[in-house]
Each structure stands twice: as C-alpha cells, then as structure tokens.
Amino acid sequence: MSTRLNEPGGEVRPTDLAPLPFVVRKVHKELPGIFTLEMEPSTGQFNFRPGQFNMLYIFGNGEVPISISGDPQQPACLVHTVRAVGKVSAAICDLSRGETLGVRGPFGTNWPVHEIAGGDVVFITSGLGLAPLRPAIYHVLNHREQYGKVTLLYGARTPDRLLYHRQLADWKARWDLRVEISVGSAGPDWGGHIGVATSLIAGLEIDPEQTNALICSSERMMKAMAEELNLAGLPDERIHLSLERDMKCGVGLCGHCQLGPQFICLDGPVYSLDRVRPLISLREL
Amino acid sequence: MDDMRQYLAGHRFFAGMSAKHIDLLAGCARGVRFSKGQYLCHEGEPANHFYLIQEGRVAIAAHTSPLGEVGLLTQAAGQVVGADWLFPPYRRSFDYRALEPTLVQEMDGRCLRGECEQDHELGYQLMLRFSGALAQLLKATRLQLLEVIHEHAVE
C-alpha cells in the first residue's frame, strides 16, 4: 500500500522514485497506434493489484502513467497496453523485443475485487478502458467460484476497434461469463449490437443488493454509465470507477493529479462513485 | 383484438394510457414477421407506420458512399422504432433491417395521425412518449459523438 511521503510514518519504497529496468519480451500491435508490451521484471517478479498503474520511463525522453493490463497471477510478466499519443508513449510503442524501459510502481488503489466477492459483478467499459479493467477481469475469472453472475459490457467505435478481440471471443465462449459488445457503427456483416455502450445496461437484470459495477471509460461516459446503473437501482457505493489525471510523481507529492482534496495517484485511481461524485461534477476540477 | 389490446396495455411504452386509447391503438395495429436480413422499410419511403419490436432485433442503418450500408443503432424486443410517422414530411430517414427473425406490431401512423387531430389528449400522450424516446436517442447519439471527438483528440 502506498503511503504519503509527506505524512509522518510515510515510507518510500526504492521503486517509488527510482525506475527499475524492465526488458521488453514481446510487443503486440492491438489496433492502429495501440500496442501491448510484455516485459520481464529485473527483479524476477512484479506483484500488483488490479487497477494499479506504473510510471513507464523511456530513458532520456520522459515518463508516463500507464495502467497495468496483465494478469495479477502472472507476476513474471508485466503487461501494459499503451496508446501512442505523445512523444513518450509513442517511444514506448516503438520499443522492440530486447530493449529496456524504466518502471516505477505499482501505484494507486485497486479495484475492490476482494470486497465484492460473493456477489454479482458487472464490468462496463469502452475503447481503451478495457485495459485498466482487464486485471480485475482476470482476477474474477481466476477465482470464478467466489463470484455470482459476471457480466462484461464493452463498447467500441467500430468492430475493427475492439481491443483484445481474440480474448473477447474466448471470453464470449465461456459459459460462466456473459459478454455483450456494442459498437458505435458497423457494416452489414456485423450482427451484434450497435449503439452507445450505456445502452447495454438497460438489457441487464441487476440485483442492486448483490451487484457491484466496475466501470472504466472517459469521465463523461462513466457519468452516463453511472446514471443508467442508478436507474437500475445500483447505489453509488456499489459503482467503482477509475479516474485519469496527469500523474507525475506517483506518490502524492507533486500535485499534478490533484482532484480537490484527492491525489489520484495515491488516493485513486480507483474510487467508489460516492467518494468522488461531488468532485467529478465540478467543471473546474 | 383482445390479445392485441392486452399486449399494448402491458407494453411499457404505453404504460399509463387510458383503456379508450389502448383500444384505439389496438385497432391500428397488426403483427408482421420479418425474416433475417429483410427490410422493414427503406430511407425515403413514406413513413406511415411505427413498429413495436415484440421479438428479434432491428438495425437502423444508412447507405453512404463509398462505405455502403452503415449500421447506426440496433433496437431489441420491447423497443419502439420509426418515429418519422409523427413529423412532416412523414418520410423514412433511415433503413430498418431485421437482424434476426423478428416479429413487430406495425402501427398504422396515417390512421393515428388522423385520430390525434381529433383527440388531442391521444396526441399529447403519444407525443409525450415519442419525445421521451427521441430525447433518449439524442442523448445516446451525443455520447457517441463525444466518444468520437475524444478519440480524435487523443489520436
């Protein structure tokens, strides 16, 4: 668990501020401009909790916060899915097998996968939001007997923009996981659902006493998802979301990711909605 | 007729409507089956009906060059499609295609337009429901648009 450096008793782990070298073992192009990197920890193992993020450092170039998207039960392989949007993330996506990058982390709070065990789980996401949610999906599937009904609702702009499409097909084939996919538009060969991801929520039968929703998308979309979930009877404390801000230090010192009284890098990125609803409704934050 | 009345009275779209209006609606409805891939209607055609999807799914699509048919929305059982019947020029703006064997209740819009002119309470009740459905669709469309803008902004 990360602690605030500026609080009494706050501890700094060596990896909090000094990047450790990780060797890239595999780079897979998921979609145009989006790559998944599998990396080998120099320490042999890299333990993390679903929902946490790392600061990825291209030596001499810069650092960016990226959510971990791999399986927490596979600590020998650190997985990140990265979209090339700036010079650092583009440089990360340009890495080849055998090259090295720096990793600080893991940072932040996690999806409450242990706390919600025993009940139903609905994962709702769109676009690249599936990447930060995937470790929680892995966890739930790795411990499937601990959960009730498990559903994944996923939206993408078009069928060819579905992230992890092979894995989605595998998940769809499972009898113990309901997967519903929606795309924004599609050609006539697409027989699935077309519409905004939130429209999938109306088709669910949610038991508000039994269900927790884990959602990850753009903030505006998450608000709309939460609205639909509220209409289905799910209270804010059962809706968990991952917020994105400009994380820099990762340890709650620099203030770049501050959202009101919260440091997203330390107090987040995963919150229950009741904790952050007043904050994400404010325009200036 | 009794079955139709019962179906419409239990449909969430018509929830709260009077028995008199349900009777009137039942008289303007007929069940129609469409096989997979069959079109309920095409863009540009007169919009003289709207459809309650009872079973199956319907895609709302547009033809664009050079993409061909582009699906924009799917609607499933329990949903209502085809609001063009209510607004001039009463023409279809999109194609409606059955994605699977689909049963709809086809509502006679021409008949209902006349009834609404005579009975403004019926007109108000229908307008209330269609404007609610259209507002939801508009909201969903704006969310989709925001997603596109968001993706373009970070690309």
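Which residue in β11(A) is the bridge partner of Val121(A)? In this predicted model, the partner is Asn212(A). Local features need pLDDT of at least 70 and side-chain atom pairs count only at pLDDT 80 or more, whereas totals for chains, interfaces and linings use all residues. Residues are numbered from 1 along each chain as its sequence is written, chains are lettered from A in the order in which they are written, and side-chain values use heavy atoms, with hydrogens and water left out.

The pair Val121(A) and Asn212(A) belongs to a parallel pairing of β7 (residues 120-126) and β11 (residues 211-216) of chain A, which extends over 6 bridges. Strands are DSSP runs of E with at least two residues, and helices are runs of H or I with at least four, numbered from the N terminus; two strands pair if DSSP finds at least two bridges between them. In chain A, 7 strands build an open, mixed sheet in the order β10-β9-β8-β7-β11-β12-β15. Because β10 (193-194) and β15 (270-272) of chain A each have a single partner strand, they stand at the edges, and one side of each is left without a neighbour in the sheet.

Helix α5 (residues 219-231) lies across β7, β11 and β12 (239-242) of chain A, at about 165° to β11(A). Helix α7 (residues 273-280) lies across β12 and β15 of chain A, at about 95° to β15(A). Here, axes are lines fitted to C-alpha atoms, for helices over the stretch in contact (heavy atoms within 4.5 Å), and angles run from 0 to 180 degrees between N-to-C directions.

Over all chains, 17 salt bridges are found, a salt bridge being a side-chain nitrogen of Lys or Arg within 4 Å of a carboxyl oxygen of Asp or Glu. One of them joins Glu219(A) and Arg245(A) (2.8 Å, N to O). Glu219(A) lies in α5 of chain A and Arg245(A) in the loop between β12 and β13 (258-259) of chain A, so the pair ties together parts 26 residues apart in sequence.

Turning to the interface, 21 residues of chain B are in contact with 24 residues of chain A. The buried area (accessible area, 1.4 Å probe, that two parts lose on being put together, summed over both) is about 1800 Å², with 52% given by carbon and sulfur atoms. On the chain B side, Leu143(B), Glu147(B) and Glu151(B) lose the most area, together 27% of what that side buries. The count between the two chains is 1 salt bridge, and Lys139(B) and Glu227(A) meet in a salt bridge at 2.3 Å, N to O.
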